Amino acid sequence: EGTPNALLEAMSVGVAPVISDTTAGALEYVEDQENGLIIPVEDVDGLANAFFQLIENDTIRRDFAKRSIAKVQHLSLPEVARIWQATIDKVP
């Protein structure tokens, strides 16, 4: 899947993402240490450490959550509806 809808949906409600570094679409939305964590593919220890970091550190988890929401705000229903309406209004 190019850009996983589940990732975007989770980010839109403030879930701090943890992704591998192999999905190009996901890498467009998740910035390591900014709004989530990016782990090398097949790095099992890194994945476990990322989850523990988010579980144990409320501040980081909340900061990532806020930034995740902001990162996907342009995909919200009101924003997308506005774009569609503008497109429809241009039709003669």
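Q33 is located in the loop that joins helix 2 (24–27) to strand 2; helices (H or I, at least four residues) and strands (E, at least two) are DSSP runs, numbered from the N terminus. The structure is a predicted model, in which local features need pLDDT of at least 70 and side-chain atom pairs count only at pLDDT 80 or more, while totals for chains, interfaces and linings use all residues. Residues are numbered from 1 along each chain as its sequence is written, and side-chain values use heavy atoms, with hydrogens and water left out.

Although Q33 is not a glycine, its phi is positive, at about 70°. A second residue other than glycine, E42, has a positive phi near 70°; E42 is placed in the loop between strand 2 and helix 3.

Buried means under 20% relative accessible area, exposed over 50%, and partly exposed in between (1.4 Å probe, protein chains only).

| Residue | Relative accessible area | Class |
|---|---|---|
| Q33 | 46% | partly exposed |
| E42 | 75% | exposed |
| L47 | 37% | partly exposed |
| A81 | 39% | partly exposed |

Helix 3 covers residues 44–56, 13 residues in total, and spans 18 Å from its first C-alpha to its last, close to the expected 18 Å. The expected span is 1.5 Å times one less than the number of residues.

Within helix 3, the residues G46, A50 and L54 are buried. Viewed down the helix axis, the buried residues of helix 3 fall within an arc of 70°, so they line one face of the helix; the arc is that of the directions from the helix axis to the C-beta atoms. Their packing partners are strand 1 (18–20), strand 2 (37–39) and helix 4 (58–71), where contact means heavy atoms within 4.5 Å. The other side of helix 3 holds the exposed residues V44, D45, N49, I55 and E56.

A81 lies in helix 5 (residues 77–89). Its C-alpha atom is separated by 30 Å from that of L37, 44 residues apart along the chain.
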